[in-house]
Amino acid sequence: MTEYELLRIITFLERMRKPYDDLLRTAEPDPHWNIVLYLMKHHLRGENVTMSSLASAADIPFASAMRRIHQLIDRGDIQLRKRGTTGRSHFLEPSRKLVISFTEYASRVKALLADTFGLRSGSGDAEDYYFGGSYFAGQIIPPLEIMEKKPQAGPELRFLLHDDNYFSSMRNMWSDFRSKLSARKNFTLMGLPELRAEVFANAARKESEYDVIAINMPWLGECVANDVAQPLTQHLKSSSINPMDFHPAIWATGSWDKTHYGIPIYCTIEALALRKDLFESRKLQHPASFEKVIQSAKTLHNPRRGMHGVVWNAARGMPVSHSFMFFMGDCGSPVISIPTPRLHLDYSRIKNEAMRPQILSEAGRQTLKYMHELLAYSPPDILSIDWNRALEYFMGGQAAMIYCWTMRAARFEYDIHSVVKRKVSYHPHPAGPGGSSLSPIGGFLLAVPASLPPERAHLAFEAISWMASPAAMKEHVKNGIPAAPRFSVSADPEAAASTPIVSFVDRLAKQNRIQNWQRPPVREYHVIEEILGEEIFAALNGDVSDEQALTRSQNRIDAAMRAAGYY
């Protein structure tokens with residue numbers, strides 16, 4: 001349950017109690033109820049609570065309220081936090097025990113309401129929908145054409161999506177009883193390796209098993225080569241989708257050889273997030289270079305006290321290969337010999353020497369050197385943890401910095417268990433030797449499978465248009481998923497105010513400081529990713545020397561490019 005959702009439940013509980021207090025005037029105030037709601041609400045908002053303000057919220061005589069508060073302190077439900085340096089006064093905040101208990105209570109209230117209003121079956125998961133006024137108000141309604149054609153088009157729309165918090169939220173929203181784009185069972189969510197396998201397996205079938213599929217942005221070249229998705233040219237001509245509302249670099253991620261195959265449904269960028277409170281207490285500036293990152297990590301690294309300097313993605317396979325490509329990009333060099341223009345590159349035109357790898361280079365050596373330096377100030381299990389475990393280190397207050405996707409970073413601000421709420425600042429990738437400060441683009445495209453019949457394809461594109469609309473994307477941003485690729489959504493005051501991540505990404509996009517050449521979406525991208533995931537990991541694990549890992553990566557990728565006929 002997110003922080004926003006819990007605040008909405010508290011608001012509901014307050015509004016539900018008011019008619020009781022207004023109509024039954026003989027009823028006495030419930031001081032315990034008033035104290036707990038007031039304390040939890042201000043804690044979630046990050047607002048300080050004094051003894052006098054909490055006593056006033058109890059709505060009983062001051063002396064009686066103070067006795068109640070001290071009873072809750074003695075029971076361990078309220079804890080004191082020093083106010084100033086004298087130690088003579090304190091702010092009050094809920095204990096971890098109270099936060100856990102209240103969150104469980106709120107979850108049960110949410111589940112009961114879900115059952116009462118028929119939002120889920122009695123055995124369903126309480127997390128299958130999001131509790132919130134704007135969501136239940138049904139402000140997002142499917143286009144009339146979809147609703148009219150659904151009965152005559154046959155089975156309900158079927159979706160193949162990535163298993164992450166954005167698509168989980170999407171599934172819950174679009175299967176809600178008011179929206180009802182499709183039943184929840186028609187949304188298939190898979191992890192990245194499984195999703196890739198299923199996307200290409202589906203392309204080999206005579207007729208697609210899905211109406212809408214999610215494609216990871218770097219897969220586009222390979223997807224076009226294997227007839228995974230059909231061109232959207234004709235659909236876009238009569239569509240309400242406005243390409244100008246997308247940052248050009250983000251819109252271009254769905255284009256191959258001047259033809260559009262996918263609509264960006266969300267974008268995320270790799271950023272360096274840091275504990276601004278720790279940096280401020282040590283009077284450290286946010287690091288803008290590899291050297292400064294290492295200096296900051298060294299200063300803040302204190303494993304005896306459970307604090308590590310930095311956490312990042314170093315596990316074998318995709319995580320470490322992505323990190324290598326991103327860090328090498330920070331050194332000003334992509335992993336193959338493509339140019340690094342400020343504007344979007346047409347990857348369909350890349351051939352010959354531009355496809356030659358440049359892993360065995362000074363940029364490659366500087367990248368591996370930096371990764372070894374990061375290891376010295378990382379958690380001891382950094383080479384074996386997945387993306388989620390890395391987040392948990394930082395979210396649990398066990399790391400001073402983290403390299404992560406902004407979409408995943410949303411948990412720092414919204415997750416009820418996060419201890420770093422409002423203590424995090426976000427920055428573009430620090431520059432490496434010879435490079436500049438840019439951030440890599442990530443995210444997914446929604447596409448229509450190539451083997452989908454025309455009548456289903458039209459309905460599928462209508463669904464994509466709806467799912468990618470500004471109104472729909474704004475709902476996701478408001479519900480804690482700061483990953484909208486549209487300027488209009490980022491400019492919306494309510495969306496921008498929901499998290500600093502929205503304005504951070506929007507600012508970098510407008511400054512043209514986001515790029516996708518770090519993971520070039522060429523047909524052989526998966527081969528590059530797979531080789532680097534093995535060889536770079538071997539170097540970090542100490543199985544081979546850096547020079548051996550770089551040489552082997554260079555030779556294996558070079559052999560793949562030669563076999564593909566590029567040179």
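Reply: E198 is buried in this predicted model, because its relative accessible area is 13%, under the 20% that sets the limit for a buried residue. The residue is placed in helix α9, which covers residues 192-203. When neighbours within four places in sequence are left aside, the contacts of E198 are with L160, M190, R205, E209 and Y210.

The protein chain has 567 residues, of which 57% count as buried, and E198 is one of the buried residues. Its secondary structure consists of 25 helices and twelve strands. Among the contacts in the chain with a separation of 6 or more, 73% are between residues 24 or more positions apart.

Helix α15 (residues 318-330) and helix α24 (residues 525-540) have axes that come within 7 Å and cross at roughly 95°. The two helices are therefore roughly perpendicular to each other, as angles of 65 to 115 degrees are classed in this way. From α15, the contact is made by M318, V320, S321, H322, F324 and M325. From α24, the residues taking part are Y525, E529, L532, G533, I536, F537 and L540. By class, the residues of this contact comprise nine nonpolar, three polar and one charged.

The second largest pocket is a further part of the model to consider. Its volume is about 730 Å³. The pocket is lined by 25 residues, and those closest to its centre are H43, E93, V419, R422 and K423. Elements that each supply at least two residues of the lining are α2 (31-45), β1 (78-82), β2 (90-94) and α5 (96-116). Helix α2 gives the most, with four residues. The lining of this pocket divides into nine nonpolar, eight polar and eight charged residues.

Terms used:
Residues numbered from 1 in each chain as written. Predicted model: local features only at pLDDT ≥ 70, side-chain atom pairs only at ≥ 80, totals over all residues. Heavy atoms only, no water. Axes fitted to C-alpha atoms, helices over the stretch in contact; angles between N-to-C directions. Parallel < 35°, antiparallel > 145°, perpendicular 65-115°, else oblique. Contact = heavy atoms within 4.5 Å. Nonpolar A, V, L, I, M, F, W, Y, C, P; charged D, E, K, R; others polar. 1 Å grid on protein atoms, 1.4 Å probe; cavity = no way out; pocket = protein on both sides within 12 Å on 5 of 7 lines; lining within 4 Å. Points joined across faces, edges and corners; volume = space filled by probe spheres on them. Buried < 20%, exposed > 50% of the residue type's maximum accessible area, 1.4 Å probe, protein only.
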